[in-house]
Amino acid sequence: MEKSLSIIFKSKPESWEFRGDPYLWCELEQVFADIPAPCSKACFIDYFEKYFKKLTNYPFHTEDESIFVEKYARGGMSSGQISMEFWRGKALLLLLNRLEKLNLEK
């Protein structure tokens with residue numbers, strides 16, 4: 001069976017910035033289940049930015065430090081908030097490192 005890119009989302013980060021971040025992570029894992037591995041870094045970034053926008057209604061390169069996504073608002077102080085610092089500075093780098101390892105396995 002062919003691997004999908006969702007495999008790089010399986011192990012979740014040890015910590016999140018805001019309460020909305022894990023919900024976005026899980027939704028991204030689901031949409032990447034339809035994309036086969038291996039995948040180039042450039043191709044992955046294109047997909048990532050496309051699906052980030054589709055799921056949040058915000059471009060990945062927004063100048064906002066955080067964004068609010070209503071469907072991720074499930075209670076708590078930062079409910080529905082997505083940390084752009086987390087996604088740009090940690091999550092995307094983590095995923096790209098995992099992608100590189102996955103591509104080397106092929």
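Me: Where does L102 sit?
Reply: L102 is found in helix 3, and helices here are DSSP runs of H or I with at least four residues, strands being E runs of at least two, numbered from the N terminus. This is a predicted model, where local features need pLDDT of at least 70, side-chain atom pairs count only at pLDDT 80 or more, and totals for chains, interfaces and linings use all residues. Residues are numbered from 1 along each chain as its sequence is written, and side-chain values use heavy atoms, with hydrogens and water left out.

Me: Is L102 buried or exposed?
Reply: L102 counts as buried because its relative accessibility is 5%. Buried means under 20% relative accessible area, exposed means over 50%, and partly exposed is in between (1.4 Å probe, protein chains only).

Me: And what does L102 touch?
Reply: Leaving out residues up to four places away in sequence, L102 touches K3, L5, I7, I8 and A37. Touching, or contact, means heavy atoms within 4.5 Å. Take A37: it and L102 are 65 residues apart in sequence, with 7.7 Å between their C-alphas.

Me: OK, switching to helix 1. Which residues are buried there?
Reply: D21, L24, W25, L28 and E29 are the buried residues of helix 1. They sit on the same side of helix 1, because they cover an arc of only 140° around the axis. That arc is taken over the directions from the helix axis to the C-beta atoms.

Me: What do those buried residues pack against?
Reply: The buried residues of helix 1 pack against helix 2, strand 2 (81-83) and helix 3 (84-105).

Me: Let's do helix 1 with helix 2. What's the crossing angle?
Reply: Roughly 125°, with the axes of helix 1 (residues 21-31) and helix 2 (residues 41-56) coming within 11 Å. Axes are lines fitted to C-alpha atoms, over the stretch in contact for helices, and angles run from 0 to 180 degrees between N-to-C directions. Helix 1 and helix 2 are therefore oblique to each other. Under 35 degrees counts as roughly parallel, over 145 as roughly antiparallel, 65 to 115 as roughly perpendicular, and the rest as oblique.

Me: Which residues meet there?
Reply: From helix 1, L24, E27, L28 and V31 meet F48, Y51, F52, L55 and T56 of helix 2. The residues of that contact divide into 7 nonpolar, 1 polar and 1 charged. Ala, Val, Leu, Ile, Met, Phe, Trp, Tyr, Cys and Pro count as nonpolar, Asp, Glu, Lys and Arg as charged, and the others, Gly among them, as polar.

Me: How do helix 2 and helix 3 cross?
Reply: At roughly 140°, and their axes come within 11 Å. That makes helix 2 oblique to helix 3.

Me: Who's making that contact?
Reply: K41, F44, I45, F48 and F52 do it from helix 2, and M84, W87, L92, L95, L96 and L99 from helix 3. By class, the contact of helix 2 with helix 3 has 10 nonpolar, no polar and 1 charged residues.

Me: Last pair: at what angle do helix 1 and helix 3 pack?
Reply: About 30°, with the axes of helix 1 and helix 3 13 Å apart. D21, L24, W25 and L28 of helix 1 meet F86, W87, A91, L94, L95 and R98 of helix 3. The contact of helix 1 with helix 3 has 8 nonpolar, no polar and 2 charged residues.
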